[in-house]
Amino acid sequence: MLDFSAFQDALGLMFTSAGSWGWIVPGLIVGLVFSAIPGVSITMAMAIVLPMSLYMDFFSAIVFLTSVYTGAGYGGSVPAILMNIPGSPSSFATTFDGYAMSKKGQHNEALGYALFASTICGILGYVLLLLVIEPMANIVLRIGPVEMFAVAVWGMLLLGSLGSKYLTRGLLAAAFGILLGTVGMNTAGFVRGTMGIPTLLDGIPPIPAMIGLLAAGQLLTLAGKDYILDAEEAREVSVRKILKGCWGTMKYPGVLIRGSIIGIIIGAVPGVGSSIGNLIAYAETKRTSKDSASFGKGNPKGVIAAESAVASAEGGSMATMLALGIPGGGATAILIAAFMMHNIVPGPSFIENQKPMVYAIILNNIVQALVLLVVGIGFIYVASSVVKVRTRYILPAILVIATLGTYAVTGETAGPITLFVFALLGFALVRYEYPIAAVVVGILLGRMLETEFLRSYQLSGGNPLYIFQRPAAMAIFGVMLISLFMTAWGKRKQAKQEAEEEAAMEALHQQELAGRKS
Amino acid sequence: MRINGHSYTIDYGHLALVGLIGGATLWYLFDARAVSTSINNILLVQPTAIFALLMCLLILPQCFHRVADEMAAPAKAKQDEYDPLMPKLPTERSDVIRMGGLGAALGVFVFALDIVGFDIAIFFFTAASMAICGERRPARLVLYSLAVTICTVYGFRALIPFPMATTIL
């Protein structure tokens with residue numbers, strides 16, 4: 001647990017290097033702005049500013065880069081809420097209720113909910129990291145393909161939350177998405193479905209496909225509108241309402257804690273990251289919520305759940321990086337590069353020998369989360385103004401930025417072409433009422449699902465009883481099954497109660513009628 | 001079309017979509033099996049593809065609507081509230097034309113990027129999409145398109161490590 005002597009040294013280190021605090025605000029702004037551009041990932045934003053950190057001392061460099069990381073974690077939710085385009089896959093679940101709130105003219109509140117959830121859960125993630133960094137490293141080392149497969153299946157359970165009018169269409173959309181996600185060369189080296197196109201060897205680029213599918217459903221339909229939001233009063237940008245949203249987040253402590261725990265655990269698993277954490281947190285919150293029917297139609301809990309998982313995943317992936325020296329994803333790989341540029345190798349020996357420095361990094365991240373609250377409100381105020389601009393000006397600019405963003409992902413026109421092809425597919429899917437979100441989830445998780453399934457199969461030699469040798473995987477599957485059972489039981493109980501209430505009301509009504517007659 | 005004394009209309013668009021998804025799935029399954037029937041290749045792909053094909057078969061009847069049901073449908077449709085997970089496309093003719101025009105412009109834009117250069121493609125796409133969305137003033141069309149072109153070309157050049165082929169800028 002916490003080493004108090006090292007903690008005191010860390011506080012000393014923090015205050016003696018107060019100059020490095022000056023890098024927090026520029027780092028947050030860089031992260032917020034870059035990640036709000038669809039297609040520009042957190043990794044890319046950090047890679048761009050990495051050379052700048054070479055000329056800083058070690059602590060300042062890490063403060064700057066982690067500030068970019070913190071800002072970028074929240075920045076992606078801004079286009080997700082305002083325009084239904086997630087800045088990165090980790091903001092995908094934010095679109096479900098965030099955009100619905102925007103359509104109702106509650107974009108200020110939605111951005112406030114997302115910001116405060118990011119701040120609180122960012123802090124929560126790092127506080128937990130401060131306490132459990134060493135035991136967590138041991139847990140992460142025990143995670144194998146079966147556990148990863150269990151996590152991917154857990155992510156797929158989100159499909160049950162994407163209520164579609166037609167069950168069969170939802171299932172077809174999900175299965176088709178998974179198949180699209182497996183195109184290209186698999187882990188075993190087999191190449192399928194590429195049609196001889198070399199670009200497809202790595203699979204269909206998920207970000208251009210995701211933007212294309214969502215663009216068809218939302219962006220192109222804006223062509224006939226004068227503004228993104230129809231009602232004039234809904235276009236108001238109000239700090240008071242943003243703060244109201246921020247304050248409203250406190251009403252849902254359970255959602256924040258659940259989202260944080262899911263985010264930290266998923267974020268700590270190398271190669272999984274926040275892109276699944278937000279889907280699982282959303283699905284679990286919807287599944288356990290009494291008002292689950294209102295999810296996807298502008299329920300603030302949906303925004304809070306998704307954003308809390310994204311923010312706390314940062315703490316989780318930092319735990320893996322600091323304790324083991326293993327990058328959990330692209331962003332932490334850049335951080336490791338920054339460590340190495342200063343001749344420092346993260347890992348068990350770094351924690352053992354430089355514990356005050358590790359604590360100082362974690363404490364500084366807590367400060368960053370607090371500063372994000374102030375910088376974020378300013379950023380939201382500027383970014384929200386997009387709803388005040390006429391569609392004829394904003395739509396061409398968004399489409400150009402989204403297209404160039406997809407080019408930034410692939411480095412060739414395959415990205416923009418993927419965007420266009422999936423926009424056509426998305427158009428047809430929307431026209432015939434297929435849930436686009438199910439296709440997107442399939443594309444995002446298909447490759448991981450296949451890879452981990454294959455590895456599990458190879459490890460077990462095809463013996464399904466192998467799972468009994470993996471207690472962590474059993475625990476994940478167990479939690480999933482209990483969660484599903486509890487939901488079904490809760491819904492049945494609720495339906496029974498409603499039926500009883502209805503029967504009681506009917507009996508009362510009959511009694512009243514009988515009383516009047518006599 | 002009449003079956004068992006009932007009149008049916010066929011939703012050809014939906015039928016084409018189900019056919020496309022089913023056809024693509026079948027092709028992918030055959031392509032994967034042609035590469036290898038090793039379990040390491042088809043462990044996930046084969047069962048998922050078979051499941052998708054089964055779903056296509058179950059959806060197929062939904063492409064045929066009984067005429068009596070269709071007449072009752074508009075009244076029911078009015079009750080449906082807005083659902084962002086299931087967005088609806090505009091139905092007004094002018095909106096559909098604008099949406100189609102913008103989609104077509106996007107298609108031309110992405111394929112023209114490498115041919116005419118990013119700068120020219122962005123300029124013409126911005127001007128065309130502004131015109132589609134209702135802007136008619138030539139000065140604004142030219143100046144705003146120019147501003148978007150300059151900002152995005154120079155901005156993305158500074159951001160991304162890949163070369164962007166341009167003709168003028």
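At 59% relative accessibility, A:Pro471 counts as exposed. I start there as a way into chain A. Please keep in mind that this is a predicted model. A:Pro471 belongs to helix α21, which covers residues 471-517 of chain A. In sequence, A:Pro471 and A:Glu147 are 324 residues apart, and their C-alpha atoms are 9.1 Å apart in space.

A second pair of that kind involves A:Ala383. This residue sits in helix α17 of chain A, residues 355-384. A:Ala383 and A:Ala215 are 168 residues apart in sequence, with 19 Å between their C-alpha atoms. Setting aside neighbours within four places in sequence, A:Ala383 has contacts with A:Val78 and A:Leu82.

Now two loop residues in chain A. A:Ser91 is in the loop between α5 (77-83) and α6. Is A:Ser91 buried or exposed? The relative accessible area of A:Ser91 is 1%, so the residue counts as buried. Not counting residues up to four places away in sequence, A:Ser91 touches A:Gly76, A:Ser77, A:Ala80, A:Pro86 and A:Asn278.

The other one is A:Asn299, in the loop between α13 (274-288) and α14 (300-324) of chain A. A:Asn299 is buried too, because its relative accessible area is 4% and the cut-off for buried is under 20%. The side chain of A:Asn299 makes a polar contact of 2.9 Å with the side chain of A:Ser294. Leaving out residues up to four places away in sequence, A:Asn299 is in touch with A:Asp97, A:Asp291 and A:Ser294.

Next, the partner chain. Chain B has seven helices and three strands. Along the sequence the order is β-β-α-α-α-β-α-α-α-α. Of the 169 residues in chain B, 37% are buried. For contacts in chain B with a separation of 6 or more, 57% are between residues 24 or more positions apart. Chain B exposes about 9400 Å², and 68% of that comes from carbon and sulfur atoms.

On to the interface. The size of an interface is often given as the accessible area lost when the parts come together. Here chain A and chain B bury about 6800 Å² between them, with 76% of it on carbon and sulfur atoms. In chain A, the residues that lose the most area to chain B are A:Arg392, A:Tyr393 and A:Leu404, which together make up 10% of what that side buries. Counted by residues, 78 from chain A are in contact with 73 from chain B.

As for polar pairs across the interface, there are 14 residue pairs in polar contact, both residues being at pLDDT 80 or more. Which parts of chain A supply at least two residues each to the side that touches chain B? They are α3 (42-53), α6 (92-103), α9 (167-181), β2 (191-192), α10 (206-219), α18 (391-410), α19 (414-431) and α20 (436-460). The most comes from α18(A), with 15 residues. By class, that side of chain A has 50 nonpolar, 19 polar and nine charged residues.

That leaves the salt bridges. Over all chains, the structure holds seven. Between chain A and chain B the count is one.

A:Asp226 is partly exposed, with a relative accessible area of 36%. A:Arg390 is also partly exposed, at 26%.

A:Asp226 has a salt bridge with A:Arg392 as well, at 4.0 Å, N to O. A:Arg392 lies in helix α18 and A:Asp226 in the loop between α10 and α11, so this pair ties together parts of chain A that are 166 residues apart in sequence. A:Arg392 is buried, with a relative accessible area of 12%.

What does A:Arg392 form with B:Glu135? A salt bridge, in which the closest N and O atoms are 3.7 Å apart. B:Glu135 is in the loop between α6 (118-132) and α7 (138-159) of chain B while A:Arg392 is in helix α18 of chain A, so the pair joins two chains. Both A:Arg392 and B:Glu135 are buried.

Put together, A:Asp226, A:Arg390, A:Arg392, B:Glu135 and B:Arg137 are linked in a network of salt bridges. That is where I stop.

Notes. Residues numbered from 1 in each chain as written. Chains lettered and ligands numbered in written order. Predicted model: local features only at pLDDT ≥ 70, side-chain atom pairs only at ≥ 80, totals over all residues. Heavy atoms only, no water. Contact = heavy atoms within 4.5 Å. Buried area = accessible area lost by both parts, 1.4 Å probe. Salt bridge = Lys/Arg side-chain N within 4 Å of Asp/Glu carboxyl O. Polar contact = N/O pair within 3.5 Å; in protein donor to acceptor, adjacent residues only side chain to side chain. Helix = DSSP H or I, 4+ residues; strand = E, 2+ residues; numbered from the N terminus. Nonpolar A, V, L, I, M, F, W, Y, C, P; charged D, E, K, R; others polar. Buried < 20%, exposed > 50% of the residue type's maximum accessible area, 1.4 Å probe, protein only. Areas by Shrake-Rupley, 256 points an atom, 1.4 Å probe, with all protein chains shown as cover.
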